[in-house]
Amino acid sequence: MALVSWVRGRVFNFVHRNNLVYNTCWEDPRLDRVALDIQPHHNVMVITSAGCNALDYVLAGANHVYAVDMNPRQNALLDLKKAAIQNLEYEDFFSMFGKGQLLNFKETYKSQLRGALPEWSRSYWDRKIKYFKPRKRKSFYFRGTSGAFAKVVNMYVDNVLRMRPLVLDLLDANSIDEQREIFEVIDRKLWTGPLKFAMSRDTTWSLVGVPRAQREHLEKQYANGIAEFVQDNMRAVFAELPIQDNYFWRVYVTGQYTEACCPEYLKPENFQLLKDGLVHKVSTHTDSVQHFLEKHTDHPLHRLVLLDHQDWLTDKLYFALVNEWQAIAERLQGEEDARIIWRTGGLNTDFIDEVEITHNGQKKQVGELLTYNQPLADELHVKDRVHTYGAFRIADIAA
């Protein structure tokens with residue numbers, strides 16, 4: 001078993017340390033805007049992922065957004081978006097990040113984008129700008145490890161299940177009733193033996209950024225395992241929530257957004273707001289959450305967005321979870337207006353409350369310092385257009 005665990009860890013680390021993992025954010029910022037209640041003086045720290053939500057938070061009115069990620073490739077993606085906002089016209093920008101392709105991509109990159117990038121990001125895109133090369137049935141959103149997984153799923157739908165027309169009909173449905181009718185047909189055909197087998201493999205989940213510790217955390221709490229969890233969440237997305245503005249699943253299935261169904265930063269009026277100056281309120285930082293909090297103490301922080309990464313630290317990296325919460329408590333001490341939000345793959349986050357740190361010279365459990373707004377979190381969670389998480393948390397921390 002020790003050898004098996006070692007191999008699983010090596011696979012996951014290889015995927016995450018050597019690749020762009022996320023080409024789009026998989027957390028619904030519509031929920032975040034309500035949960036964070038961003039005010040004009042608020043500084044926000046968010047784990048970068050693909051950078052979509054960092055841009056969303058400045059559009060929501062944040063004073064500054066610090067995008068922090070240990071994977072420099074994720075920050076390179078946000079740096080490229082920032083450079084494109086500043087130097088491209090809307091049509092080219094939307095082609096690049098809306099459709100995932102750009103005509104004359106090499107020339108545009110060299111003449112308009114490359115010089116606006118930080119050194120590491122420039123060296124990365126010198127090698128990878130080909131991700132935006134226009135090709136039939138190709139897209140930037142089928143690049144990176146999560147994009148590769150999306151591509152495989154689409155090939156399965158097209159070539160094995162032969163359900164592409166039905167899936168497109170679902171995305172274009174005009175009512176919940178119509179969605180539900182189409183979904184029932186898809187659901188009956190989708191869950192074949194090979195797909196269920198793939199859903200049980202660690203390698204599969206590594207491709208979409210789910211480490212074994214997170215998967216085990218979920219399976220301990222979900223009676224029939226992760227496959228049924230996925231099935232239930234797919235039903236919620238496609239048969240219970242309106243699909244018309246669900247850009248998360250549209251881009252996953254088609255490899256592109258539409259102007260009517262896309263993240264806020266891709267809408268023309270918001271692109272112009274970013275171009276006119278808001279984009280400068282976003283900065284990228286390649287670091288861990290802990291080290292960022294410990295090093296960057298020159299400005300107050302009011303909002304922390306931790307995504308779901310704490311699930312990753314519940315096993316062999318538990319020491320890092322403790323260190324991170326110690327840094328959070330120390331960095332936010334004295335801030336009367338401090339709020340933290342996060343997701344989890346499981347159905348509860350009791351493991352967070354039980355983390356022991358030192359606060360004001362005394363040993364405390366993190367749960368003693370947090371005041372949860374669980375009614376609001378639960379109300380928002382059922383509206384989540386992504387619906388790949390087990391729970392959502394909103395917590396204010398003691399000053």
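A polar contact is a pair of N or O atoms within 3.5 Å; within protein, one atom must be able to donate a hydrogen and the other to accept it. Keep that in mind for the exercises below, which all work on a predicted model.

**Exercise 1. Describe the setting of S283, and decide whether it is buried or exposed.**

Solution. Start with the secondary structure: S283 sits in strand β3, which covers residues 282-286. Next, take the accessibility. The relative accessible area of S283 is 17%, and buried means under 20%, so S283 is buried. Now look at the side chain: S283 and H285 are joined by a side-chain polar contact of 2.8 Å. Finally, leave out residues up to four places away in sequence and list what S283 touches: H64, V65, Y66, A67 and K82.

**Exercise 2. Which residues lie closest to the centre of the second largest pocket, and which element gives the most to its lining?**

Solution. Begin with the volume, which is about 420 Å³ for this pocket. Its lining has 16 residues, and those closest to the centre are R137, F142, N154, D158 and R164. Then sort the lining by element: α8 (144-161) and α15 (247-254) are the elements that give two or more residues. Of the elements, α8 gives the most, with five residues. To finish, sort the lining by residue class: three are nonpolar, seven polar and six charged.

**Exercise 3. Find where N104 and R162 lie, and decide whether each is buried or exposed.**

Solution. Take N104 to begin with. Its phi is near 55 degrees, a positive value in a residue other than glycine. N104 belongs to the loop between α5 (90-97) and α6 (105-113). With 56% relative accessibility against a cut-off of over 50%, N104 counts as exposed.

Now turn to R162. This residue is not a glycine either, yet has a positive phi of about 55 degrees. R162 is in the loop between α8 and α9 (164-171). Its relative accessible area is 65%, so R162 is exposed.

**Exercise 4. How many helices and strands does the chain have, and where does pLDDT stay under 50?**

Solution. Count the elements: there are 21 helices and nine strands. Of the 399 residues in the chain, 55% are buried. For contacts with a separation of 6 or more, 72% are between residues 24 or more positions apart. Then check the confidence: pLDDT averages 89 over the chain, and 87% of the residues score at least 70.

Terms used
Residues numbered from 1 in each chain as written. Predicted model: local features only at pLDDT ≥ 70, side-chain atom pairs only at ≥ 80, totals over all residues. Heavy atoms only, no water. 1 Å grid on protein atoms, 1.4 Å probe; cavity = no way out; pocket = protein on both sides within 12 Å on 5 of 7 lines; lining within 4 Å. Points joined across faces, edges and corners; volume = space filled by probe spheres on them. Helix = DSSP H or I, 4+ residues; strand = E, 2+ residues; numbered from the N terminus. Nonpolar A, V, L, I, M, F, W, Y, C, P; charged D, E, K, R; others polar. Buried < 20%, exposed > 50% of the residue type's maximum accessible area, 1.4 Å probe, protein only. Contact = heavy atoms within 4.5 Å. pLDDT = per-residue confidence, 0-100.
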